[in-house]
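Look at the model first, then read on.

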Amino acid sequence: MPCRRAEEICVETMIELTRSALGHARKMGLMPRIAALRLGEWVAKGDVLELSSDARSDEFIVRGRRVWINPEGGQALIFLLDYPAHPALR
């Protein structure tokens, strides 16, 4: 997501999928839509992402967030999506 003001710090965001989320996304043909998602820093752990179409709605949950810092010093905020979108039972 591009910065709107010069003083904003922009962080690249990336998406990872759990094994069950990956299997569901592949089975339902959702990989292109997931790859195109541009989640903002405001997305929080526990948020539900609903991918809707005319035929159905698929809900994924943000299971976790982490900051990845690469060897060159660049960084990204990584969101881990899980399916089905049920809260953790802990």
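The largest nonpolar core has 13 residues, and among them I34, F60, V62 and F79 touch the most other members. A nonpolar core is a set of buried Ala, Val, Leu, Ile, Met, Phe, Trp, Tyr and Cys residues joined through side-chain atoms within 4.5 Å. At least two core residues come from each of α1 (19-27), β2 (48-52), β3 (57-69) and β4 (75-82). β4 gives the most, three residues. Helices (H or I, at least four residues) and strands (E, at least two) are DSSP runs, numbered from the N terminus.

This is a predicted model: local features need pLDDT of at least 70, side-chain atom pairs count only at pLDDT 80 or more, and totals for chains, interfaces and linings use all residues. Residues are numbered from 1 along each chain as its sequence is written, and side-chain values use heavy atoms, with hydrogens and water left out.

F60 has contacts (heavy atoms within 4.5 Å) that include A21, H24, I34, L51 and L81, not counting residues up to four places away in sequence.

Now to β4. Six of its eight residues are buried. Buried means under 20% relative accessible area, exposed over 50%, partly exposed in between (1.4 Å probe, protein chains only). Two strands pair if DSSP finds at least two bridges between them. The pairings of β4 are these:

| Partner of β4 | Sense | Bridges | Residues opposite |
|---|---|---|---|
| β1 (residues 12-17) | parallel | six | M14 and I78 |

The hairpin of β3 and β4 has five residues between the strands. There, G73 takes a positive phi near 100°.
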